[in-house]
Amino acid sequence: MELGYAFLLLLSYVLLTLLGIWFYERRETQKQRKQPLKLPILTDREKRLKLNELLSVSGFAYDGGQDIFYSRMDSWQRKFGYGRIYDEAAATMNMVIDCEPIYFDYDNKKWMIEFWKGQYGITTGAEVGVYYLADKALTEILSPSTLVYRCVEDEDTLRIQMVLWKEGRNLFFRRGYHWWLTGFSLGEFSHPKELSMDIEITLKDEVMRDAFLMGLHKAGYTNEELNVKENTVWIHFDKPHTAQPATRARFFSGIKQMENKRNVKLYQKTTQDYTNVYDKLLALQQRAPGLYKKWEQLGKSRFLSGEQ
């Protein structure tokens, strides 16, 4: 009897979710038909400037050569730090992503370097973040996965390089000294298992390199999966070695991915007449404001979800 009741509740949730997605898509499509577009007449250079001006508020910038968005060094997200609590909340915000936190000790601090890849709403993306905690008393008592780490200061940023692949196709490449190296391809839909990352990280010295390698081994990586030269470590991030957040359960993430896929199709349909990403976003804002708001809030929800 109880199993039957639970099944009915589950079925009701699925049906209501699908119905909500259908109504949302139908409403946005109707708005597209009714609302004429009002696009400013600007040169390509003026559009790039306008776009980056728009993005600066959210802490991101645009790489026109690769057609991707990426996080800035001075983005406001830096003041929030990062911890497992954010990973647990990610799927509820339509971020269905593989998470790989690597914990290690170095220079009397607790460090975490984490990798991510997957679907972030209507974007496919990847990230590498560098974080630490200096409060040894606190870190000795609590498990590393229960803590919220601080983003490293400029002097502790690391030289990071990453390439994101989708079933053998190169999506984008990022490189630089950073505390949070990212890339996001707008209008691309992917399942996390379709994606892989080649990551290169240069540590500060041999001691930090060895501590990081120890953390990788504790996470489940073998020597065959890593390459090391001097203080640089190469990692191929395909299938996560560490336990994934509870919200990544197949059923729940499947529902979220269904919604993400529909939203990507809606984005593509709304913006199909435009080639410039600035025009695409203006078209999205005018014709599908609900979807535009979801895209606009993605970076914010990523870092504030743990406080909600």
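How many residues does helix 5 have, and what should they span at 1.5 Å a residue? The 14 residues of helix 5 (residues 206–219) should span 20 Å, and the end C-alpha atoms are 20 Å apart, which agrees. The expected span is 1.5 Å times one less than the number of residues.

Welcome to this structure. It is a predicted model, in which local features need pLDDT of at least 70 and side-chain atom pairs count only at pLDDT 80 or more, while totals for chains, interfaces and linings use all residues. Residues are numbered from 1 along each chain as its sequence is written, and side-chain values use heavy atoms, with hydrogens and water left out.

The chain has eight helices and 13 strands; these are DSSP runs (helices H or I, at least four residues; strands E, at least two), numbered from the N terminus. Of its 308 residues, 51% are buried. Buried means under 20% relative accessible area, exposed over 50%, and partly exposed in between, with a 1.4 Å probe and protein chains only.

Let us return to helix 5. At its start, a side-chain oxygen of Asp205 comes within 3.1 Å of the backbone nitrogen of Val207. Buried residues of helix 5 include Met208, Phe212 and Leu216, and their cover includes strand 4 (95–106), strand 5 (109–120) and strand 8. After helix 5 comes Gly220, with a positive phi near 120°.

Now for the aromatic rings. The whole structure holds 17 aromatic pairs. Rings of Phe, Tyr and Trp (its six-membered ring) pair if their centres lie within 6.5 Å; planes under 30 degrees apart count as stacked, over 60 as edge-to-face and the rest as tilted. Here are two edge-to-face pairs:

| Pair | Centres apart | Angle of planes |
|---|---|---|
| Trp76 and Phe80 | 5.7 Å | 80° |
| Phe104 and Phe212 | 5.6 Å | 65° |

Phe104 lies in strand 4 and Phe212 in helix 5, so their pair ties together parts that are 108 residues apart in sequence. Phe104 is buried at 5% relative accessible area, and Phe212 is buried at 0%. Trp76, at 26%, is partly exposed.

One more stop is Thr157, in the loop between strand 7 (148–151) and strand 8 (158–166). Thr157 is buried, with a relative accessible area of 11%. A polar atom of its side chain lies 2.9 Å from the backbone oxygen of Asp154. Not counting residues up to four places away in sequence, Thr157 touches Met73, Arg78, Val152, Tyr177, His178 and Trp179, where contact means heavy atoms within 4.5 Å.

Terms used:
Polar contact = N/O pair within 3.5 Å; in protein donor to acceptor, adjacent residues only side chain to side chain.
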